[in-house]
Amino acid sequence: MIIERSSNWREDFIQRFEQDGPWDSWTLYNKSYEIEKMNLIPEFSGLQAPKFLTNIQLLPHQVEAAQTVIEKMNGKAILADEVGLGKTIEAGLIMKEYMIRGIVKKVLILVPASLQNQWVTELNMRFFIPAVAYRKNTPIEHYDVVVMSMDTAKKSPHREKIYEQDYDMIIIDEAHKLKNHKTQIYEFVQSLKKKFCLLLTATPIQNDIFEIFYLVSLLKPGHLGNYESFQATFSTTKTSADGEKYLKELVNQVMVRNRRQDTGIEWTSRKVETIPIQYTPEEREVYDMISSLKTVSPVFSSSFTMVTLLKEMCSSKEATFLTLNKMIQKGMAKEERDFVEEILAKLMKLEINSKAEKVMEIIENANDKVIIFTEYRATQAYLQWYLYTKGISSVLFNGKFSKSKRDWVKQLFRQRDQVLIATESGGEGINLQFCHHVINYDLPWNPMKLEQRIGRVHRLGQEEDVHIYNLAIENTIEQKILDLLGSKIDVFEKVVGDLDDILTRKA
Amino acid sequence: MYAEQVHDYLKVFFKETNCDILSDEGYMLSVQLTTDMDKRIMNRPFYWQYIEATNSTPNPARLNLITDRAKIQNQFMGEIIHFGSGRLHQIFKATKELGSFVKMYQHSNGNKGKQQMLTPYFCVNYKVSYYCDQTKEVIYSLGINLINGEIEDNFHDFVSQLDLKTAIPDDHFCLQYIIKPGRALERLDSMIQNIIQNDDHSWAEEAKKRWQKELEVLDFFYDGMEDKPESYEIEKKGLKDRFNPRIKVEIINGGLFYLH
């Protein structure tokens with residue numbers, strides 16, 4: 001084996017010896033030796049980083065996760081803790097450990113743009129890792145640790161600049177954004193050299209098991225076989241209990257997943273309620289008319305359009321109106337147009353929104369701070385107006401807000417307003433442990449989005465039980481969504497592991 | 001290192017490097033740096049370039065270092081310094097640079113007036129690091145008797161107990177070395193080589209096994225492809241960088257010792 005010798009000590013010593021000096025201080029000589037001894041890494045195993053991290057209270061499951069990744073997974077892993085258990089801290093700890101051990105120097109961290117500053121602050125303040133946020137023209141060759149938004153990284157000229165660097169470690173936050181192997185970001189990450197690599201996501205499977213295949217193949221190509229063999233063995237059409245068990249075992253070789261209940265921390269519980277809502281006869285009539293549209297005009301033949309419209313009708317007339325009005329501009333036969341206009345007229349005449357009334361009821365009963373999640377901006381605006389007429393003040397939030405605006409909204413919600421109304425994209429990067437009630441006004445197709453939403457509130461630092469209300473209108477598309485969510489949760493639990501309650505448990 | 005240890009360490013360090021300690025509250029230290037120390041620990045090469053280029057009066061920094069943040073009300077009073085912080089790391093580095101080479105003589109109380117002989121020794125403190133996807137480090141402190149060539153380990157622990165000074169004590173004389181220090185250094189180097197060669201290297205074998213296993217997994221992924229894509233080679237390179245076992249030998253410090 002090759003032995004590297006470093007330092008010019010030998011030459012320098014001979015020179016000082018020949019000139020008899022200058023000689024150094026005995027005190028500093030001793031101190032220098034003591035420091036080396038103190039910082040020595042005496043074992044291959046075990047963690048050195050915690051003793052350096054005086055600014056952070058590490059939890060046992062975080063230390064254990066870091067140790068598992070380093071000692072058992074050889075530094076390549078998916079960190080898949082449930083939301084709110086500190087995946088960022090685990091990643092920071094692993095990175096710090098490798099840096100102390102001198103194995104990792106250059107690190108690239110890819111994150112959604114909204115989390116960029118948060119990462120930089122955490123690494124600097126808590127881990128004493130001098131990370132910088134990448135902006136246009138940041139000379140990345142001069143920085144060892146760079147935090148970059150995924151959207152920037154995948155584009156020219158940034159991607160080329162990254163390829164020129166030789167990173168020792170790649171960390172990707174919210175890695176479920178890489179579930180689709182046909183995307184630019186997936187190809188970009190695939191072509192990066194990944195000496196050490198961490199993928200962070202609470203939701204390694206959102207819809208089907210191919211997502212975990214692509215994620216693992218990015219981390220460790222071949223671990224789940226190649227595409228053909230994976231499909232042959234595990235394709236959803238012929239899932240067997242044995243196959244799932246085997247897959248779960250393979251996945252667990254590259255994945256650490258802590259669940260709230262195994263952290264040893266007292267977690268408050270989740271009280272999940274599915275709340276069925278009955279339409280008024282007037283609402284039902286409009287819903288049924290929209291339902292029949294697909295047979296009325298080819299404009300509505302696409303099932304995607306229909307699904308959108310029906311979901312919107314389950315949300316608010318405002319949301320529905322916007323879409324229908326857009327459709328009508330597209331041009332259609334006269335009698336078709338008449339029918340749509342009839343719907344629009346009836347829609348505008350609706351005076352009651354049954355769901356909004358239910359929301360009001362929940363807020364009154366809770367008599368506390370409440371977060372409402374909706375998928376539609378129009379509904380968001382409507383709800384604010386509606387609550388205002390009932391004397392309840394609210395503040396709006398969406399994912400496009402800048403860091404400072406987020407902080408401002410959080411402040412308003414904490415101190416002034418009873419209700420925060422957020423759109424879907426508001427699910428990441430805002431933490432609201434002071435609130436204990438979450439209303440899912442519309443249901444997304446993807447259960448992990450629900451989990452992300454709940455995770456804003458049910459995370460470390462939450463002191464009370466969290467109430468979750470999933471609203472669904474009876475005999476509408478929302479009922480189907482509920483069923484589908486249930487079966488997706490089922491797949492996830494079979495392959496990845498149990499989930500905390502998202503939906504009401506089936507008896 | 002606890003807050004108090006950091007505090008004591010800083011006091012010793014600045015005293016030893018001739019930086020004036022302006023005040024010391026026990027949890028906070030106010031220090032006037034010398035020009036040399038400013039250059040070593042303040043990270044501002046452009047400032048010094050400018051001062052030197054323009055021949056301006058240098059104005060080395062004055063640091064207010066807070067070693068125990070629990071005892072202060074206003075965090076803007078100074079810079080919080082603790083184990084793990086960048087500044088302390090730089091001071092460690094400066095310590096290493098300023099404590100690399102020594103020449104020391106042993107003093108003793110008794111036998112005043114009687115002529116005494118001091119034997120020359122040469123010592124090197126080595127740090128040996130084993131790297132793969134994991135690391136392990138060992139310190140060897142080897143001292144060699146420059147008269148008879150005997151080599152001892154744990155030399156530093158031994159000499160650090162002695163009363164050593166930079167000047168030769170009265171009534172003492174030093175034996176002339178037979179082995180030249182340059183030659184002694186070569187001997188110690190080959191001794192280290194020997195120690196390393198005889199060490200247990202199952203860690204390297206294990207690392208190679210892990211490497212081989214991951215390589216097989218990778219090959220399976222690209223199995224049957226005529227032209228393997230670039231990503232295959234990239235992954236392969238990544239595996240090598242991660243698992244390939246390496247050994248590094250560094251010298252912490254060392255010097256000449258004249259001992260009874």
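The model is a predicted one, so every value below was computed from its atoms. Chain A and chain B bury about 7000 Å² between them, and 11 salt bridges are counted between the two chains.

**The contact between chain A and chain B**

- Chain B brings 80 residues to the contact, and chain A brings 68 residues.
- Of the area buried between the two chains, about 7000 Å² in total, 63% lies on carbon and sulfur atoms.
- On the chain B side, the residues that lose the most area to chain A are B:Phe83, B:Phe101 and B:Phe221, which together make up 12% of what that side buries.
- Across this interface, 22 residue pairs are in polar contact, counting pairs with both residues at pLDDT 80 or more.

**Salt bridges**

- Over all chains the count comes to 49 salt bridges, and 11 is the count between chain B and chain A.
- Side chains of opposite charge can pair when their charged atoms come close.
- One salt bridge joins the side chains of A:Glu36 and B:Lys127, with 3.1 Å from N to O.
- This pair crosses between chains: A:Glu36 sits in helix H2 of chain A, while B:Lys127 belongs to strand E6 of chain B, residues 116-131.
- Another salt bridge links the side chains of A:Glu4 and B:Arg246, at 3.6 Å from N to O.

**Strand pairing**

- Strands of a sheet pair through backbone hydrogen bonds, in either a parallel or an antiparallel sense.
- Strand E1 of chain A, residues 3-5, pairs with E11(B) in the parallel sense over 3 bridges.
- Within that pairing, A:Ile3 has B:Ile247 as its bridge partner in E11(B).
- Chain B also has an open sheet of 4 strands, in the order E1-E2-E3-E4 and with mixed pairing.
- At the edges of this sheet stand E1 (20-24) and E4 (79-80) of chain B; each has a single partner strand, so one side of each is left without a neighbour in the sheet.
- Strand E2 of chain B (residues 28-32) and strand E3 of chain B (residues 62-66) run antiparallel and are joined by 5 bridges.
- Here B:Met28 stands opposite B:Ile66 in E3(B).

**Backbone features of chain A**

- Most residues other than glycine have a negative phi, and most peptide bonds are trans.
- A:Asp20 has a positive phi, near 50°, although this residue is not a glycine.
- The loop between H1 and H2 of chain A holds A:Asp20.
- A:Pro22 is found in the loop between helix H1 (9-19) and helix H2 (26-38) of chain A, and the bond from A:Gly21 to A:Pro22 is a cis peptide bond with omega about -5°.
- A:Pro157 lies in the loop between helix H6 (150-153) and helix H7 (158-164) of chain A.

**Confidence in the model**

- Chain A has a mean pLDDT of 88, and 97% of its residues reach 70 or more.
- In chain A, helix H11 (residues 241-252) has the lowest confidence, a mean of 78, and strand E6 (residues 169-172) the highest, at 97.
- Chain B averages a pLDDT of 91, with 98% of its residues scoring at least 70.
- Among the elements of chain B, the lowest mean pLDDT, 85, belongs to E4(B), and the highest, 96, to strand E5 (residues 101-106).

Definitions and conventions. Residues numbered from 1 in each chain as written. Chains lettered and ligands numbered in written order. Heavy atoms only, no water. Contact = heavy atoms within 4.5 Å. Buried area = accessible area lost by both parts, 1.4 Å probe. Salt bridge = Lys/Arg side-chain N within 4 Å of Asp/Glu carboxyl O. Polar contact = N/O pair within 3.5 Å; in protein donor to acceptor, adjacent residues only side chain to side chain. Pairing = 2+ DSSP bridges. Helix = DSSP H or I, 4+ residues; strand = E, 2+ residues; numbered from the N terminus. pLDDT = per-residue confidence, 0-100.
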